[in-house]
Amino acid sequence: MNIGFLLAQPFAQHALLAAALVAVTGGLISPFVVTRGMSFAVHGTAELAFTGAAAGLLIANNPGAGALAGSLVVAGLIATLGARPRERDSAIGAILAFGLGTGILLLGYYRGFATEATSILFGNIFGVSGSQLLILATIGLAVVAVMSIWYRPLLFASIDPETAEARGVPVRRLGLIFLLVLALTVTGAAQVVGTLLVLSLAITPGAAAQRLSASPLVIGGLSILFAVIAADGGLLVSFQLTNIKASVFITSISFTIYLLARLAAPVLRGRRHYHHEGHGSHRTAQGMPEPAAIADPAGTPATTFRPRGDPRTGPPPQTTYGQGQEPSHNPEHGASPPAGGAAARNCSRPNSAEPATVRELTLWRAETT
Amino acid sequence: MNRSGGAAVALRGATLRYGHHLIWQKLDLDIAPGECLAVLGPNGAGKTTLLKVLLGLLPLSAGTVTIDGRAPSRGSAQIGYLAQQRDFDPDLPIRGRDLVQFGVDGHRLGLPWTRARRVDAAIAAVGAASYAAAPIGLLSGGQQQRLRIAQALASRPRLLLCDEPLLSLDPASQQAIVTLLSRYHREHGTTVVIVTHEITPIADLVDRVLYVAGGRWAAGTPETVMTTETLSALYGSHIDVIKVHGRTVVVGGDEGGGHHPPGGSHHGHGHDPGDGGGGGHRSHPAEGGGRR
């Protein structure tokens, strides 16, 4: 079959464009999916697109709108029931099972062709209409906009939520925003390219990219690149080998990239380490604006003794005591003060390992002074 | 003692409860600008909780707290926060310098414009330039902690809150971290609050001690707080504070021995002019390459 002839066909152009749009949005969110450990959330929302579609079919004869509305409900449910990272996967599992069951129930009441709903699960990349392309492009733009606005705090919250919260990042709200973005992307893509491809384009590229770099921007770029190579590359191969479905090639290419990244990672990591050792000291030598403050690691004495009665700080000479010193049993607070007191004494016990530390410190001091 | 007027941090009748569980109560404390306060006490005594109150993450149950005369506001650039040390996952896809950059603009919206100069300065200030480009999870505990400190200091805070900054570090790294903190403290006149379970390594840095235990507290210089009388009154049972070779060792009284190792001491307070107070440590602890 002539590939030039195929590429001139609208269905082929639509397919390539749709695949690229899904790949770019998938590749964009993929590193965050991996860092936040939300692969199962991708899986869950992708499959629950089916339930949304069934509801949409039944109510308004519009599976696409149903899937999108359903995805937002699912995102809200996951955020509510799976707020803690530890319970998120089990919450998604519970929602997923119930959601699929509901989908089957809804489908039972539908009198039309069930393929309308089930095609959501598998998509049809060669049947993408102009309006579907428009939906994909809109979703893509929305995702790019949201990620551009919240990129830094989202990354901060994904890496170190405790410090991020102290720094004023709305960690929980960002978690919900990301879930909504995720659900929107995944569901929008699922009805065009199918659940299978969504998993392949929203999880794998980010996982591969993270093996090759530790720079967030490089990871983001690689992830999008890998997703586009897999999606459009797979399509182009399927134009040549028409008796095999495109999704086979797309998932295969995606997986191959992932495997290669896993294989290359140890090599890269070793080289990078070797490289940065020399490179880094060079960078120090350039001199920074005001590094002298505490920059020099070797120059000044390790610690400087400051007399206790430093007038600058003027600490009170005598001990201040807490009020409310009435011992343990305080009826107002029920059983808590004794618990506190007991806990206090018990908890201080494990520290009895400390003499060892003190001894080590003394030895170390002896060696270095 | 100054009224809240000139104090960097002022607590008045500060009380905190979780439900019916009393954490601490009627805490009255002024921390002067440029002072270094160590917060000591057993696990669960509400030391970290105190930091959360100062960060504006937790409201008091009763009483007031002010920082520079105002109520704490979440995310203030005036406050640097060094969260409790925990090693990052080896596969965490982020470099040391990205972690430091969070301290510069991690809370801001919009696309990441790299404020490279400020990030570089913060990294150089802690002497971490040679490994800042490596994945954070591959660095040693001491190296990670240096980068966290660079992050906490990147916004040039006037108040630095440290939660167990030396936990799970080897003695050499502990000494290096104390050096960093003490230099920054000294040169910028920063107010520092350090939550710790062990005062020994930071003894030279500390001006005053706040000791919390069982909902009660005592504050003063290390010499006045770390005494048999004070701690016994605090715990409500006899506690021995013994000076051994210039160190102060706290030994649990009525429960001593038993199922615990002999001595049962839980504090080594090593402010000891006798051996020079650690003033001559010039050697830079070996923190060279990555963990592997």
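In this predicted model, strand β1 (residues 9–18) of chain B pairs with β4(B) in the antiparallel sense over 5 bridges, two strands being taken to pair if DSSP finds at least two bridges between them. Within this pairing, B:Val9 stands opposite B:Ile67 in β4(B). Both strands belong to an open sheet of 3 strands in chain B, with the order β2-β1-β4 and antiparallel pairing. Because β2 (21–31) and β4 (62–67) of chain B each have a single partner strand, they stand at the edges, and one side of each is left without a neighbour in the sheet. The twist from one strand to the next averages 25°. Strands (E, at least two residues) and helices (H or I, at least four residues) are DSSP runs, numbered from the N terminus.

Residues are numbered from 1 along each chain as its sequence is written, and chains are lettered from A and ligands numbered from 1 in the order in which they are written. As the model is predicted, local features need pLDDT of at least 70 and side-chain atom pairs count only at pLDDT 80 or more, whereas totals for chains, interfaces and linings use all residues.

In chain A, the axes of helix α3 (residues 39–60) and helix α4 (residues 63–81) come within 6 Å and cross at roughly 135°; axes are lines fitted to C-alpha atoms, for helices over the stretch in contact, and angles run from 0 to 180 degrees between N-to-C directions. This makes α3(A) oblique to α4(A), given that angles under 35 degrees count as roughly parallel, over 145 as roughly antiparallel, 65 to 115 as roughly perpendicular and the rest as oblique. The crossing of α3(A) and α4(A) is right-handed, that is, the near helix is turned clockwise from the far one by less than a right angle. Residues making the contact include A:Leu48, A:Gly52 and A:Ala60 of α3(A) and A:Gly66, A:Val74 and A:Ile78 of α4(A), contact requiring C-beta atoms, placed from the backbone, within 7 Å. By class, this contact has 15 nonpolar, 8 polar and no charged residues; Ala, Val, Leu, Ile, Met, Phe, Trp, Tyr, Cys and Pro count as nonpolar, Asp, Glu, Lys and Arg as charged, and the others, Gly among them, as polar.

Helix α4(A) also packs with helix α5 (residues 85–108) of chain A, at an angle of about 145° and with the axes 9 Å apart, and this crossing is right-handed. The contact is made by A:Val74, A:Leu77, A:Ile78 and A:Leu81 of α4(A) and A:Ala91, A:Ile92, A:Ile95 and A:Gly99 of α5(A), which divide into 7 nonpolar, 1 polar and no charged residues.

How values were computed:
Contact = placed C-beta atoms within 7 Å.
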